[in-house]
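Hello,

Here is the structure I promised to pass on. Please have a look at it before reading my notes below.

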Amino acid sequence: MLISEARAIARQWVRDEGSRVPGFWGAFFHGSTGWLPGDAALPATSDVDVMVVLDAADPPGKPGKFRYGGMLLEVSYLSRDQVRSPEQVLGQSHLAGSFRTPSVIADPTGELTSLQAVVARNFAGRVWVHRRCEAVQTKLVGNLQSLHETRPFHENVSAWLFGTGLTTHLLLVAGLRNPTVRRRYVAVRELLRDYNRAAFYPTLLELLGCADMSRDRALQHLAALTEAFDAASAVVKTPFFFASDLSQAARPIAIDGSRDLIARGDQREAVFWLVATYARCQQVFQHDAPALLERFRPGFARLLADLGITSLADMRRRGAEVEAFLPQLWAEAEAIMAANPDIK
């Protein structure tokens, strides 16, 4: 299926279903497929993200991932308050990229279309690129400093993981690239190669602890994760924010997508999503099937041990290393911004 065909199906969903959500104010394409041309093929390990804007200060939980029209959609809700001005969007790394090209699906008032046009014109402005990088750093530090002994171990793992993984986003945002989630390490490696700065990349892997991950070892971790994923998808009931990511409909992304990366020799780049998915499975077990928690804990522990993480103290130490690394990361980001002719 082509991206253009997938977008047409998503538009149909918005017309038939999304527009009926109470408070519907508009909708736009979001996520990685928005960065691809219409004649590109939709990867089998990708979904199509749609953001439904609601005239509500506190939107309900997102529908998440589900099959529609022969493809996987991921639908999220966003408050209208978050897209009231171009300046507001331009400073948010997770939103600005969605408006860099025409992305509006439905716009009853015309305000989203006007906002998109202004964001597109100013997207590459240096002041806004810098501000988005600062927003990434704020998230990064916030995650790492949220580690606490009162939180479950897997929640601390997620905080450490996503804080560390945001080192890639700071560079991707600096380079006007898509701050993708699952494939972030592949994307930043490509960015650094394009700017002749590939020597910087191994340090990002070292901060995560996966620089020496072998293909065979990654496959072993994936096999254990697959069992945990299937068990979690069968018992999840609590409406977690990420619940649909652990559904069988999402299996091609969480499991097959990781297998695809490993098969291509990107086992180190696959580690981020292996850990993220494993931690989410542990959270499901804790809330919805405590009897399964101990059964799948050893596999999770083995994966983390390979990254040098066995305790909260390890996460705090490694988080401090990431924070100490920020000046070097910023220097790299500034060099990328300076070398990009599109940034004015």
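The notes below cover salt bridges. Please keep in mind that this is a predicted model.

A search of the whole structure turned up 23 salt bridges.

Start with Arg-189 and Glu-269. They form a salt bridge, with the closest N and O atoms 3.3 Å apart. The pair links distant parts of the chain. Arg-189 sits in helix 7 (residues 184–194), and Glu-269 sits in helix 11 (residues 267–288). They are 80 residues apart. Both Arg-189 and Glu-269 are buried.

Next, look at Arg-251 and Asp-230. Their side chains meet in a salt bridge at 2.9 Å, N to O. This pair also links distant parts of the chain, 21 residues apart. Arg-251 belongs to helix 10 (residues 251–263), Asp-230 to helix 9 (residues 215–235). Asp-230 counts as partly exposed because its relative accessibility is 28%.

Then there is a pair within one helix. The side chains of Arg-317 and Glu-321 form a salt bridge, 3.5 Å from N to O. Both residues lie in helix 13 (residues 312–339). They are four residues apart, so about one helical turn separates them. Arg-317 has 42% relative accessibility, so it counts as partly exposed. Glu-321, at 37%, is partly exposed too.

Last, the network. Salt bridges with shared partners join Asp-47, Lys-62, Lys-65, Glu-74, Asp-245 and Arg-280 into one network.

Best wishes

How values were computed: Residues numbered from 1 in each chain as written. Predicted model: local features only at pLDDT ≥ 70, side-chain atom pairs only at ≥ 80, totals over all residues. Heavy atoms only, no water. Salt bridge = Lys/Arg side-chain N within 4 Å of Asp/Glu carboxyl O. Helix = DSSP H or I, 4+ residues; strand = E, 2+ residues; numbered from the N terminus. Buried < 20%, exposed > 50% of the residue type's maximum accessible area, 1.4 Å probe, protein only.
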